[in-house]
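Me: Please show me the structure first. I will then ask about it piece by piece.
Reply: Here it is.

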Amino acid sequence: MPKDTLPSALLDIRNLKIGATAYPPGEAPKEVTLVHGVSLTVEKGKVLGLIGESGAGKSTIGLSSMAYGRGGVRITGGEVFVNGRDILQSGPGGLRALRGKEVTYVAQSAAAAFNPAKPLMEQVIETTLATGMARAEAEARAVDLFRQLGLPNPETIGKRFPHQVSGGQLQRVMTAMALCPKPDLVVFDEPTTALDVTTQIEVLAAIKRAIRETGVAALYITHDLAVVAQVADHIMVLRHGRMVEYGTCAQIIETPRQDYTRALVSVRSIDHAEKPAGSAPVLSVQNISARYKGTNFDVLKNVQVDLPAGQTLAVVGESGSGKSTLARVITGLLPATQGRITFNGRTLSPDLAGRTRDDLRELQMIYQMADVAMNPRQTVETIIGRPLEFYFGLRGAAKRQRVQDLLDQIEMGRGYADRYPAELSGGQKQRVCIARALAAQPKLIICDEVTSALDPLVADGILKLLLNLQAEAGVAYLFITHDLATVRAIADRIAVMYKGEVRRYGTKSDVLSPPYDDYTDLLLSSVPEMRLGWLEEVLAHRRMVGAGN
Amino acid sequence: MRRYPLAALLGLTFTCAYFGAALLAPLIAPYGMAEVVGDSWEPSSAQFWLGTDSIGRDLLSRMIWGGRTTIFVAACATLLSFGLGSTLGFFAAVKGGWVDQALSRMVDLMMSIPSLISALVVLSVMPVTLPVLILVMGILDSTRVFRLARAVAVDVAVMDYVEAARLRGEKQGWIIFREILPNALSPLVAEMGLRFIFAVLFISTLSFLGLGVQPPLADWGGIVKENKEGIVYGIPAALIPAFAIATLAISVNLVADWVLNRTSSLKGGRGA
């Protein structure tokens, strides 16, 4: 588009540059550029998906459509036209008329975005009232939107407080809040990322329906290409603040032109053949029940699973299904109230204090958030070296050499031993945690959602590393995850958990092939697939099944 | 050379001056601590820079010797309260359960009595010597350090890296001193500056009431007490120790602020 034409699109961002001041410790503050001249347009009633890994600048660009920079971020160049007006030039009054009226925003974490002390309706219509609509009319519109978004009891749900509805419902209420003032453009910032797959699909369907029925335009920001493929008309792929590729949804998914886009499309396609179930179990969980202190409710009910040596058992389920509790019971942090765990042929003491040093050494754990799993005040060498010192008595040069071997093993190489965790990227942090676990020469590593906090490509790298290490060292993994694509990539056996029970357990091929029980079916069919029209197919299928009953 | 912020520079200068004077008192004090060298309440002159006190001792010398006592007692009491309070606080946080309950409730009990009153009660039945003073002040103050240390440590103790250390089979000592302490240090250091100042005020108050440092030993609170009658006649001798206490308080806090800023970086305190 030539530069001098008047913008006809609803949102027209031209050559946007965004910067911020970084304060690296120990150095002088410096200017960094976050977005390097990105241009995009959104037509009335269309949805543009912005996709990229963390640090790509997608949220920053999304917020710039409201002329807002979060946390010290400044728009340093370019133009942003909304309805033909350059909003970067309009003063505070112009922005007041824009934000919450012409452009609205849906945040990632609804739980953190609502005021816990006010009922939902008050918050949903707050901006709408500020635009001059009468209260009765605004409330009627909100109830209407609640209905469109498929919320239960649309007439009365507004009287509830945020903690009285579920996470998925809260996200839909926030969508209603954004749609209530009849905006022209809504910015969705990772609206389903924090939700379970089975909830995500409902919210996604509700958002898509609401966008279609209200005819609003949208910027849909996410890191999950499979999700954005279900709602967007066009997709823009971003990386390091630059545009990588732009095209229609179908073109990006089916014929990506750039290598980076191709990598994003083919993510999670690790081919992992299931190992034969020959070897003796390294871990055997027998009839375990557990409850937290001071409650009278079993979070685990008669759980029974086996894990053969050198294989991977994936434990799948949504939040609250008890999968992390199972890990706590196996590690001894939460003693079981009933049942027995045998590990390596020995019966494990239920609580940590009663376990031998070999029990502790051979059973290691890797956490979801690598940031908080490493002491921020210890160097990489101390972090990896401590198990070497503690279990094997290594000191001095021998320890340093072994740390470097381990760093080589996790494909990090030289120059990291003296760094602090804050000086590593997310993927590197997780690798160091893996090295710390490996240092103990374990028989079993419990991996608690180890890839959930990582970008898809980085997560792929971690999964491949884990598979290689398994082939080399013969270590078994108990892999806790809510992500079925990860399960397909890595598991030999699968246990599907729901409300503290194992609903389905067996080899990967058995668990992932029909006939399914109801819950496994729901879980499997909710995982977004990287193709157009997947959402409609699933919903149509569910309606048919529902009508058939 | 790294640039020091102005506030920190100011604080460092004054703090160093006071501590230096305290350490070097025998060398720099012009007269002896209890030496009567002039008339009472002589104005400042070339011979007596700050004048003389109620019975004719050189006030500058009294201030320097008094600073030595005040700072020594306050520093020892602070170290004692931190050693005791933070160790017990960390221990309570890591152990949890009945250990935590017992320690915390005991501290609540001690804190429910105003510390000045409990100090007065204890000191009125005990011989008032420097070790007793330090012990009483240190133990009373350690309750506040305990609270802070426990609160900070409870936050740190739930981190995954502490859990990882537990799973490794580490002993309490490693968990407290290697995993928790480095991450709880910044608020404790800041608190240390503040507590030191409270200790200075506390010992001065006790001395003013006559239950602290005993004459003829000089200390700042005692100097205020000895010269307070002079205020009525427009003699500023009692205000000089007050001024010293105030400037020491401010400068130590400026230093504590700066230390806190330096150590709260996540790079292990390596940065500025």
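Me: In which loop of chain B does B:G38 lie?
Reply: This is a predicted model, in which local features need pLDDT of at least 70, side-chain atom pairs count only at pLDDT 80 or more, and totals for chains, interfaces and linings use all residues. Residues are numbered from 1 along each chain as its sequence is written, while chains are lettered from A and ligands numbered from 1 in the order in which they are written. Helices (DSSP runs of H or I, at least four residues) and strands (DSSP runs of E, at least two) are numbered from the N terminus. B:G38 is in the loop of chain B between helix 2 (25-28) and helix 3 (59-95).

Me: Which residues does B:G38 touch, not counting those up to four places away in sequence?
Reply: Two residues are in contact if their C-beta atoms, placed from the backbone, lie within 7 Å. B:G38 and B:G56 are 18 residues apart along the chain, yet their C-alpha atoms are separated by 4.7 Å. Leaving out residues up to four places away in sequence, B:G38 touches B:F48, B:T52 and B:G56.

Me: How far apart are the end C-alpha atoms over residues 192-211 of chain B?
Reply: The unreviewed UniProt entry annotates "transmembrane region" on residues 71-94, 115-140, 192-211 and 231-256 of chain B. UniProt positions follow the numbering used here, feature names are shortened, and annotations may be inferred rather than shown by experiment. Residues 115-140 of chain B are 85% helix and 0% strand, with end C-alpha atoms 6 Å apart. Residues 192-211 of chain B are 90% helix and 0% strand, and there the end C-alpha atoms are separated by 25 Å.

Me: Which way do helix 6 of chain B and helix 8 of chain B run, roughly parallel or roughly antiparallel?
Reply: Axes are lines fitted to C-alpha atoms, for helices over the stretch in contact, and angles run from 0 to 180 degrees between N-to-C directions. Angles under 35 degrees count as roughly parallel, over 145 as roughly antiparallel, 65 to 115 as roughly perpendicular and the rest as oblique. The axes of helix 6 (residues 130-157) and helix 8 (residues 172-209) of chain B come within 10 Å and cross at roughly 155°. Therefore helix 6 of chain B and helix 8 of chain B are roughly antiparallel.

Me: What is the handedness of the crossing of helix 6 of chain B and helix 8 of chain B?
Reply: The residues that meet include B:L133, B:M137 and B:D141 in helix 6 of chain B, and B:F198, B:F202 and B:I203 in helix 8 of chain B. A crossing is left-handed if the near helix is turned anticlockwise from the far one by less than a right angle, and right-handed if clockwise. The crossing of helix 6 of chain B and helix 8 of chain B is right-handed.

Me: How are helix 15 of chain A and helix 17 of chain A oriented, roughly parallel or roughly antiparallel?
Reply: Helix 15 (residues 380-392) and helix 17 (residues 426-439) of chain A have axes 7 Å apart and pack at an angle of about 20°. That angle makes helix 15 of chain A and helix 17 of chain A roughly parallel.

Me: Which residues in helix 17 of chain A meet helix 15 of chain A?
Reply: The crossing of these two helices is right-handed. On the side of helix 15 of chain A, the residues are A:V380, A:I383, A:I384, A:P387 and A:L388. On the side of helix 17 of chain A, they are A:V432, A:A435, A:R436 and A:A439.

Me: What is the radius of gyration of chain A?
Reply: Chain A contains 22 helices and 20 strands. The globule rule is 2.2 Å times the number of residues to the power 0.38, and the radius is taken over C-alpha atoms. For 549 residues the rule gives 24 Å, so chain A is as compact as a globular protein of that length, with a radius of gyration of 25 Å.

Me: Is A:N15 buried or exposed?
Reply: A:N15 is in strand 1 (residues 11-22) of chain A. Its phi is positive, about 50°, although it is not a glycine. With 12 other C-beta atoms within 10 Å, A:N15 is exposed.

Note on methods. Buried ≥ 20, exposed ≤ 12 C-beta atoms within 10 Å, placed from the backbone.
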